[in-house]
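This report goes through the contacts inside one protein chain. Look at the sequence and the structure before reading on.

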Amino acid sequence: MIINWQTLRHEAQRSLPAFVFSYVDGGADDEKTLTSNTSVFDRWQFLPAVLKDTSQRDLSIKLGSSSLLAPLLVAPTGYNGMLRYQADIMLARAASQQGIGHIQSTVSTASIEQLAAVSSGSRWFQLYVLKDRNVTRDLIERAQRAGCEALVVSVDAVHFGNRERDKAHYRRPMKLSWKAMFDAARHPGWLSRTLIPQGMPGFGNLTPYLPAEYQKGMGAAAYFASQMDQALNWQTLAWIRELWTGPLYVKGISTVQDAITAKQVGADGVVLSNHGGRQLDGCISPMLILEATRRAVGSDFKLIIDSGFRRGTDVVKALALGADAVSLGRPLLYAVATGGEARANQTMASMIQEIDRTLAQLGCSKISELNPDMLLKL
């Protein structure tokens, strides 16, 4: 029985090969940021008001042109085909059914066009900027043609983090150790759900641009890493702003000043994020700069936040401190890996129920009533 994110994680650890679980679950270096991302929420406690009529509640929000039934988005996560065949499609459909947003990664297994064909919900596209400007431009144009409502430019993964737990399963870069391959063979359920239907998954969005020998598997990942634009700067973001006509968000912001600069360049919002603890170990949780960022950018600039959110209470704390919405990663990956679309749907619904229940217990009828005075910082 799936009760919460911890039981989901335990089930994922049991059912996935160790190299796959480490890819999803691990962080950079000593994983101190990964750990602090989930413990940081203990710094705030609720101050609930009573004797208020909260019999009717409304969780819906508006993010630019996107109308969501709850203040949640599925975070952009890459190579989900390694978890389960069609995992990206399952997550997108579940998000549509729950009325929340879905942000598709540049390095998703499914393509932008495939998700457009199966999901009628609010779809956004996350962009990694590549050295080849023609490829980057084409990805933006494809997202526009496919009806993506917003573009999210990731800026914190130009240099990949040192994920030691992940590396431990490889005898050399992109080559699994014999132990890891033997362990994978001991997970026939994963093999039947993942590799048998498709073989080694590839990168759906990048297929038109990859050389034939790099179309699938680890080789594709290595080639993609080599194509990341390490000269990415604010001028590049200004260029993207000229190309993209819809709402634009900058993901990977960890300082108030960078949020201010993103606004000055023309972004409509930012995603405060430390990449789920997968990049710079020792980096602060975005929760610690949320209030200051909101004061600096004003009420109209959109603030989305991720990294470490596991409970509806975590989400409500962020909303009370000034976030407009929260994007969720690992809990939904554990869910789709272990139970496919049905469990992803169930997990999203459970998170929404937790938010709704917390809102009621705080004496609020709608998201806009949340404010910092409902929290005591320890």
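## Cysteines

Is Cys-283 buried or exposed? Cys-283 is buried, because its relative accessible area is 17%, and buried means under 20% relative accessible area, while exposed means over 50% and partly exposed lies in between (1.4 Å probe, protein chains only). Cys-364 also counts as buried, at 1% relative accessibility. A search of the whole structure finds zero disulfides, a disulfide being a pair of cysteine sulfur atoms within 2.5 Å.

## About the model

The model is predicted: local features need pLDDT of at least 70, side-chain atom pairs count only at pLDDT 80 or more, and totals for chains, interfaces and linings use all residues. Residues are numbered from 1 along each chain as its sequence is written, and side-chain values use heavy atoms, with hydrogens and water left out.

## Salt bridges

A salt bridge is a side-chain nitrogen of Lys or Arg within 4 Å of a carboxyl oxygen of Asp or Glu. The count comes to 13 salt bridges. One of them joins Arg-133 and Asp-229, whose closest N and O atoms are 2.8 Å apart. Arg-133 lies in helix α6 (residues 133-145) and Asp-229 in the loop between α10 (217-226) and α11 (234-243), so this pair ties together parts that are 96 residues apart in sequence. Helices (H or I, at least four residues) and strands (E, at least two) are DSSP runs, numbered from the N terminus. Arg-133 is partly exposed at 29% relative accessibility, whereas Asp-229 is buried at 8%. The charged end of Arg-133 also sits over the ring of Trp-239, 5.3 Å from its centre; for this, NZ of Lys or CZ of Arg must be within 6 Å of the ring centre and within 35 degrees of the ring normal.

Another salt bridge is formed by Asp-306 and Lys-251, with 3.6 Å between the closest N and O atoms. Asp-306 is in the loop between β12 (302-305) and α14 (312-320), and Lys-251 is in strand β10 (residues 248-253), 55 residues apart. Both residues, Asp-306 and Lys-251, are buried.

In α14, eight of the nine residues are buried. Among them are Asp-314, Lys-317 and Leu-319. Just after α14, Gly-322 has a positive phi of about 125°.

A nonpolar core is a set of buried Ala, Val, Leu, Ile, Met, Phe, Trp, Tyr and Cys residues joined through side-chain atoms within 4.5 Å. The largest such core has 110 residues, and those with the most contacts inside it are Met-287 and Leu-370. Helix α15 (residues 330-361) gives the largest share of this core, twelve residues. Leaving out residues up to four places away in sequence, Met-287 touches several residues, including Phe-41, Phe-309, Lys-317 and Ala-318; contact means heavy atoms within 4.5 Å.

## Aromatic pairs

The structure holds five aromatic pairs. Rings of Phe, Tyr and Trp (its six-membered ring) pair if their centres lie within 6.5 Å; planes under 30 degrees apart count as stacked, over 60 as edge-to-face and the rest as tilted. The rings of Phe-19 and Trp-190 have centres 6.0 Å apart and planes at 85°, so this pair is edge-to-face. Phe-19 is in helix α2 (residues 18-25) and Trp-190 in helix α9 (residues 188-198), 171 residues apart. Phe-19 is buried at 5% relative accessibility, and Trp-190 is buried at 3%.

Phe-41 and Phe-309 form an edge-to-face pair, 4.9 Å centre to centre with 65° between the planes. Phe-41 and Phe-309 are both buried.
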